[in-house]
Amino acid sequence: MSSPQVSPTPGSAPAAPGATDRDVSDRDVTEVSSSGDDFKKVFTWRGVDATRLEQVRVQVTGLRIKAFGQIIGAATDTHEAFSATYDLLTNDAGVTRRLSVHLARAGGETQISITRDGENNWLVQTPQGTERSDFGGAQDVDLVLSPFFNALPIRRLDLHRDPTQTQVPVVYLYLPEGTVAPATVSYDSGADSIAVRSPVGSSTVTTDDTGFVRDYEGLAERI
C-alpha cells in the first residue's frame, strides 16, 4: 500500500538544482541554523500503526514556535480518511496563542479556531458553536495522532533535558471527528525517552536535542 502524499508546505526552502518537490519534502530540511535555539526546519513523520503522514514547517526562536503543517490519514477500521491542515503560533514563553485547523473528510470541510487571550481563557470556534473556557489552566493544545504537538509541553517545560514527572492540562482536538475537549496528558521523562499517557493511550517518545519528537512508539516515526 502506498503512503499518502503531503502537499509541499508554503514557505519551504527552494529545492536544489535538479531536485524534485519529493526530494525536499521527504527529509528534514534545515533552512536557517543561527543558534541552537533559532532555526527553521521541515519535519516529516510516517505512521507505523496506519497509513498516515504528517509534515510541518517550524520556525523556532527560543521557545517561540510558528508552525504550518498537515496530517493526511487513510481510512482505518476506527476512522474515515481525512486531511487536517493546521497553523500554530505560540508566544515567547512557548504558550499557545492560536491554532487554526482546516479539516477535510468525505462529508465536507470544517474550520476550527482555538485562541488564548491575555486573561488565560480559551475561545474555541467550531461549526457546532463557540465555547469559552480556561480548560483547566491549559497552556498547550494537542492533536490526536500528531507527534508534533507533544513538542509544545516538552520544550516549554524542558522535559527533554530535565527528567521530570508532570501532568499537563491541554485543549485536546480529536481527529477526524473535529471535537474539542479538556484533557490531561502525563509526561514522565527519563535519560533516553519520555513516557506519555494521553486520553487515547500510553506510549513512549524519543526526541532530538531541540525537543521535537523523533519516534512515537506505536504511532509514528520521523523520516
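T207 stands opposite V213 in β15. The model is predicted, so local features need pLDDT of at least 70 and side-chain atom pairs count only at pLDDT 80 or more, while totals for chains, interfaces and linings use all residues. Residues are numbered from 1 along each chain as its sequence is written, and side-chain values use heavy atoms, with hydrogens and water left out.

- Strand β14 (residues 201–207) runs antiparallel to strand β15 (residues 213–216), and three bridges join them; strands (E, at least two residues) are DSSP runs, numbered from the N terminus, and two of them pair if DSSP finds at least two bridges between them.
- Five residues separate β14 from β15 in a hairpin, where G211 in the turn has a positive phi of about 95 degrees.
- β15 is joined by two bridges to strand β16 (residues 220–222), and the two run antiparallel.
- E221 in β16 is the bridge partner of D215.
- The hairpin of β15 and β16 has three residues between the strands, and G218 in its turn has a positive phi of about 85 degrees.

**Q70 in β4**

- Q70 belongs to strand β4 (residues 64–73).
- Q70 is buried at a relative accessible area of 13% (buried means under 20%, with a 1.4 Å probe and protein chains only).
- The Q70 side chain makes a polar contact with the side chain of S83 at 3.0 Å; such a contact is a pair of N or O atoms within 3.5 Å, one able to donate a hydrogen and the other to accept it.

**L103 in β6**

- L103 lies in strand β6 (residues 96–105) and is buried, with a relative accessible area of 0%.
- Not counting residues up to four places away in sequence, L103 touches residues including F82, S83, L175 and P176 (contact means heavy atoms within 4.5 Å).
- L103 and Y86 are 17 residues apart in sequence, with a C-alpha to C-alpha distance of 8.6 Å.

Methods:
Helix = DSSP H or I, 4+ residues; strand = E, 2+ residues; numbered from the N terminus. Buried < 20%, exposed > 50% of the residue type's maximum accessible area, 1.4 Å probe, protein only.
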